Amino acid sequence: MRKEKIFRASKYLFLISISFLSLFPLLWMFIAATNKSVDVLAGTLFPGTNLVENFKTLTANTNLYRAMWNSFKYAAVTTLASLLVSSLAGYGFEIYHDRGKDFLMNILLLSMMVPFAVIMVPLYMLFGNLGLLNTTAGFALPTVSTAFLIFLFRQSSRNFPHEVIEASRLDGLTEVGIFFRMFIPIMRSTYAAAAVITFMNAWNNYLWPLIIMQKESARTMPLLISNLTAGYTIDYGVLMLAVGISILPTLIIFLALQKNFAEGVTGSAK
Amino acid sequence: MKKKLTVLFLMLMMLAGFSTLSFAQENATITVWCWDPNFNIYAMEKAADIYKDINPNVTVDVQEVAWEDIQTRLSTSLSANQTKDLPDIVLMQDNALIKNVSSFPDAFYDLSDSGINFDKFADFKVELTTVDGRNYGVPFDNGAAINAMRVDVLEEAGYTIDDFTDITWKEFIEKGSKVREKTGKPLLSAIAGESDLLMVMLQSTGNWLFDSNGEPYITENEALKEVIRVYQELLKKKILVEVNDWDQYISSFQSGTVAGTMNGAWIIGSIVPVEEQAGDWRITNIPRFGSIEGATNYSSQGGSSWMVMASSKNPELAADFLNQTFAGSKELYETILPSSGALATYLPAGDSEVYNEPHPYFGGQKIYSDITDFASRVPRVKYGIYNYEARDAVSTAITQIMQGQNIMDALNEAQSTVEFQMW
């Protein structure tokens with residue numbers, strides 16, 4: 001009995017210390033956001049009184065609200081569009097399965113091997129010629145159909161009961177109807193997982209918006225943060241506050257979809 | 001009939017074109033990309049205010065873009081030949097200027113015949129912005145190297161700032177050891193694996209990593225070997241400590257762990273925020289290499305210049321704007337200096353009263369006129385196209401040498417790395 005208690009205590013101690021280690025940078029970021037730059041560099045671990053001051057500096061020097069709105073708009077559009085396109089593709093690859101589609105899927109997966117930096121210049125050229133620079137469509141299109149998402153949806157479609165499709169067909173649903181009225185509601189945990197991943201990627205995307213959103217009015221949060229690190233003298237308090245603010249939307253979305261996210265990720269791996 | 005219509009249509013198009021063109025000239029906007037709101041952006045906005053009086057129809061739109069971001073956008077846009085969204089003026093790091101001009105020969109506007117008088121700028125800066133005899137940039141911020149020191153710490157060891165002025169590295173090491181002994185504090189800190197301090201030392205000798213033909217000059221470079229030897233000695237005697245990154249570097253002198261720093265004059269911006277140390281700092285020139293012929297007490301590190309893009313709709317206007325402000329307005333430099341510490345390489349500004357104001361943080365020292373004087377004495381060197389590559393290769397070599405590798409082997413490797421990249 002005692003042995004068990006010690007074991008349990010040490011287990012919890014271990015877990016607590018590991019969680020502290022992984023949460024510490026986040027905690028430190030929020031603490032730093034309340035301190036002066038000099039104190040941040042001195043390594044203070046206590047919340048300071050400079051939060052309001054930092055916020056005033058941040059909003060005075062940058063267009064914070066605009067950047068937040070831009071990031072949100074682009075990320076939301078990208079998420080909706082890529083969920084629709086990629087899930088439809090993943091569904092198609094699995095449900096209307098044949099040898100040709102398998103081959104195509106393999107080619108698609110190969111595209112995951114090509115780093116973005118390689119296709120950046122031709123892509124930029126193409127978008128420039130299409131007149132899509134500084135537009136939401138320009139932001140979203142390159143990531144609307146990604147091999148990763150299609151693969152995720154194809155794998156989870158394997159768990160989708162074929163009986164449902166048969167029954168729906170018998171009851172007179174069209175093929176499109178089956179997708180929208182049966183597949184989407186049943187696979188919502190996969191959608192939640194995909195939404196979190198896509199939103200986070202779009203929100204954090206740096207290189208592509210950097211070159212395609214060259215107008216100041218189209219600037220996103222990562223670009224704004226990049227500017228904060230560019231001075232000869234960096235204000236770390238303000239910088240940490242900006243980073244703290246910029247992770248809020250992804251944090252909220254993750255927490256809201258957390259339960260489904262875990263299900264979705266483990267589900268696809270079955 | 002069809003032909004007539006086409007001609008009519010073309011004429012209409014031309015008319016529309018001309019009307020927008022003349023409209024653009026009446027009310028033009030000059031877009032600028034630069035970084036740092038307290039420094040470059042502030043200076044550019046003040047320049048815009050001054051130009052407003054000269055040419056009221058021109059608006060200057062200053063956009064904040066970090067340096068790495070400017071470089072990424074320039075490379076992508078110029079490679080993709082999509083220059084529509086590029087600004088009229090960009091701020092360019094001196095280290096990267098020649099490479100950008102050489103990689104994209106038609107992308108930057110040649111300022112040689114724009115009426116700008118380049119003789120009014122510090123020699124070494126003009127050299128860094130000149131490619132094949134043509135001027136591509138209006139020199140801006142001053143990267144003249146300074147040796148900033150805590151006199152309260154020096155005093156404990158019985159020294160004043162004068163004991164560290166116009167000295168050689170040999171004397172610096174002697175005195176530094178004594179300071180270290182008495183106070184336990186090193187005089188310098190540097191980021192491990194980065195070559196900034198070494199390059200400051202190397203440029204002060206008038207040598208660089210490339211010879212006059214632009215060929216890598218590393219293995220045979222006796223000055224470089226001497227620089228490395230001195231750097232090692234500084235480390236061994238603990239007068240110099242190495243830190244891991246930029247934040248630690250700043251914090252090392254802000255927190256008082258080290259009693260000084262050597263860098264471009266812009267480092268002052270990171271010294272002055274520490275209120276407790278007000279009055280304790282002084283600035284002097286850097287030590288010279290007694291054993292190298294032609295070596296000086298002056299050098300430079302970092303710094304940037306304004307460039308006009310050839311893709312600009314109005315390159316002449318943009319050049320005129322720079323000519324009337326950064327290359328012709330003492331008033332501009334007098335305005336930006338006190339509030340931002342933005343030091344110029346525009347020599348006439350050095351005589352200005354504002355530049356001769358004593359600085360309270362530095363115990364009333366006239367640091368600005370001192371630094372302008374340093375700037376005029378910095379040896380001219382040509383950074384070359386492969387400057388960043390060479391600096392990286394040498395940094396790697398230094399790290400290897402510090403880990404005990406033979407100097408010649410490491411430098412040979414650096415030389416062949418650069419040669420390979422140039423090939």
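Guide: Strand E10 of chain B is largely enclosed by the rest of the structure, because five of its five residues are buried. A residue counts as buried here if 20 or more other C-beta atoms lie within 10 Å of its own. The model is a predicted one, and the description that follows should be read as an account of that prediction.

The strand belongs to an open sheet of three strands in chain B, with the order E10-E7-E11 and antiparallel pairing. E10 (260-264) and E11 (281-284) of chain B stand at the edges of this sheet; each has a single partner strand, so one side of each is left without a neighbour in the sheet. From one strand to the next, the twist averages 25 degrees.

The pairing can be followed residue by residue. E7(B) and E10(B) are joined by five bridges in the antiparallel sense. Ala145(B) has Gly264(B) as its bridge partner in E10(B). On the other pairing, strand E7 (residues 145-150) of chain B meets E11(B), again in the antiparallel sense, over four bridges. There, Met149(B) stands opposite Arg282(B) of E11(B).

Chain B is divided into domain 1 (2-142 + 302-376) and domain 2 (145-299 + 386-422). Taken over C-alpha atoms, the centres of domain 1 and domain 2 of chain B are separated by 31 Å. Their contact takes 18 residues from domain 1 of chain B and 16 residues from domain 2 of chain B. On the domain 1 side of this contact in chain B, the elements that give two or more residues are H4 and helix H14 (367-376). H14(B) gives the most to that side, with four residues. The residues of the domain 1 side that touches domain 2 of chain B divide into eight nonpolar, seven polar and three charged.

Chain B also holds an open sheet of five strands, with the order E2-E1-E3-E12-E6 and mixed pairing. Here E2 and strand E6 (138-139) of chain B stand at the edges, each with a single partner strand, so one side of each has no neighbour in the sheet. Strand E1 (residues 29-34) and strand E3 (residues 89-93) of chain B run parallel and are joined by two bridges. Val32(B) has Ile89(B) as its bridge partner in E3(B). Helix H4 (residues 94-103) of chain B packs on this sheet, where it touches E3 and strand E12 (304-308) of chain B. The direction of H4(B) makes about 115 degrees with that of E3(B). H4(B) is also one of the elements at the contact between the two domains, on the side of domain 1 of chain B.

In all, 29 residues of chain B are in contact with 23 residues of chain A. On the chain B side, the elements that give two or more residues are strand E2 (59-64), helix H3 (67-79), helix H10 (246-254) and helix H11 (268-271). Among these, H3(B) gives the most, with six residues. The residues on this side of chain B divide into eleven nonpolar, twelve polar and six charged.

Of its 270 residues, 35% count as buried. Among the contacts in chain A with a separation of 6 or more, 79% are accounted for by residues 24 or more positions apart.

An unreviewed UniProt entry lists "transmembrane region" for several spans of chain A, including residues 103-126 and 191-213. In the model, residues 103-126 of chain A are 79% helix and 0% strand, with end C-alpha atoms 27 Å apart. Residues 191-213 of chain A are 87% helix and 0% strand, and their end C-alpha atoms lie 28 Å apart. The UniProt annotation "domain: ABC transmembrane type-1", also from an unreviewed entry, covers residues 68-257 of chain A. Over that span, chain A is 78% helix and 0% strand, and the end C-alpha atoms are 21 Å apart.

Methods. Residues are numbered from 1 along each chain as its sequence is written. Chains are lettered from A and ligands numbered from 1 in the order in which they are written. This is a predicted model: local features need pLDDT of at least 70, side-chain atom pairs count only at pLDDT 80 or more; totals for chains, interfaces and linings use all residues. Two residues are in contact if their C-beta atoms, placed from the backbone, lie within 7 Å. Ala, Val, Leu, Ile, Met, Phe, Trp, Tyr, Cys and Pro count as nonpolar, Asp, Glu, Lys and Arg as charged, and the others, Gly among them, as polar. UniProt positions are given in the numbering used here, feature names are shortened, and annotations may be inferred rather than shown by experiment. Two strands pair if DSSP finds at least two bridges between them. Axes are lines fitted to C-alpha atoms, for helices over the stretch in contact, and angles run from 0 to 180 degrees between N-to-C directions. A residue is buried if 20 or more other C-beta atoms lie within 10 Å of its own, exposed if 12 or fewer, and partly exposed in between; C-beta atoms are placed from the backbone. Domain bounds come from an automatic or database domain assignment.
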